[in-house]
Amino acid sequence: MVVSKSIIVVILTALFFVSSAPVSALVINEIYPAPETNNDEWVELYNDTDLPIDLSEFVITDETGKQASFENQTINAKDFALALSKNVFNNTGDTVVLKKLNGETIEIATYSGSIDSSKSIGRCPDGIGNL
């Protein structure tokens with residue numbers, strides 16, 4: 001009886017970790033905070049999983065809580081998606097936060113220095129390098 005309870009606990013634990021894997025593989029890949037006048041600033045996400053992810057469960061903000069809007073509601077497997085905004089991210093440095101709607105933080109990316117329209121901040125290589 002003790003052995004069967006242990007097996008059930010192991011199976012449930014494994015299922016929990018497998019079901020949460022896609023969220024941890026959604027990353028901030030590139031930030032373009034200083035567009036030319038009348039253009040959008042953007043944050044690019046990368047989905048490193050083999051499954052599409054529903055972006056309606058996520059939000060991207062700066063450190064004050066101002067939000068960017070996703071261009072599409074789904075990010076396909078091994079693909080990119082943009083969150084667009086105007087006057088959300090600072091050109092002299094800011095913090096970009098990717099979180100679930102329930103408040104759980106998925107990733108935080110911070111940049112500093114003077115950024116102009118000729119520069120973006122990104123991972124190299126895409127999806128796995130340092131930001």
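**A nonpolar core and the sheet around it**

The largest nonpolar core holds 23 residues, and those with the most contacts inside it are Leu26, Ile28, Leu45, Leu55, Ile60, Phe89 and Val96. A nonpolar core here is a set of buried Ala, Val, Leu, Ile, Met, Phe, Trp, Tyr and Cys residues joined through side-chain atoms within 4.5 Å. Buried means under 20% relative accessible area, exposed over 50%, and partly exposed in between (1.4 Å probe, protein chains only). Strands 1 (26-32), 2 (41-47), 4 (58-61), 5 (67-70), 7 (79-85), 8 (93-100) and 9 (105-112) each supply at least two residues of this core. Strand 1 gives the largest share, three residues.

The model is predicted: local features need pLDDT of at least 70, side-chain atom pairs count only at pLDDT 80 or more, and totals for chains, interfaces and linings use all residues. Residues are numbered from 1 along each chain as its sequence is written, and side-chain values use heavy atoms, with hydrogens and water left out.

Take Ile60. Leaving aside residues up to four places away in sequence, Ile60 touches Val43, Leu45, Lys66, Gln67, Ala68, Phe70, Ala83, Phe89, Val96, Val97 and Leu98. Contact means heavy atoms within 4.5 Å.

Eight strands form an open, antiparallel sheet in the order 9-8-4-5-7-2-1-10. Strand 9 and strand 10 (121-122) stand at the edges with a single partner strand each, so one side of each lacks a neighbour in the sheet. Strands (E, at least two residues) and helices (H or I, at least four) are DSSP runs, numbered from the N terminus. Two strands pair if DSSP finds at least two bridges between them.

Strand 2 is mostly covered: seven of its seven residues are buried. Glu41, Val43, Leu45 and Asn47 point one way, while Trp42, Glu44 and Tyr46 point the other way. Six bridges join strand 2 to strand 1, running antiparallel. Ile31 has Val43 as its bridge partner in strand 2. Strand 2 also pairs with strand 7, antiparallel, over seven bridges. There, Val43 stands opposite Ala83, and Leu45 opposite Ala81.

The largest pocket has a volume of about 190 Å³. Of its 14 lining residues, Pro35, Asn39, Glu41, Lys86 and Asn87 are the closest to its centre. A pocket is an open set of points on a 1 Å grid over the protein atoms alone where a 1.4 Å probe fits, with protein on both sides within 12 Å along at least five of seven lines; lining residues have an atom within 4 Å of a point. The volume is the space filled by probe spheres set on the points, which are joined across faces, edges and corners.
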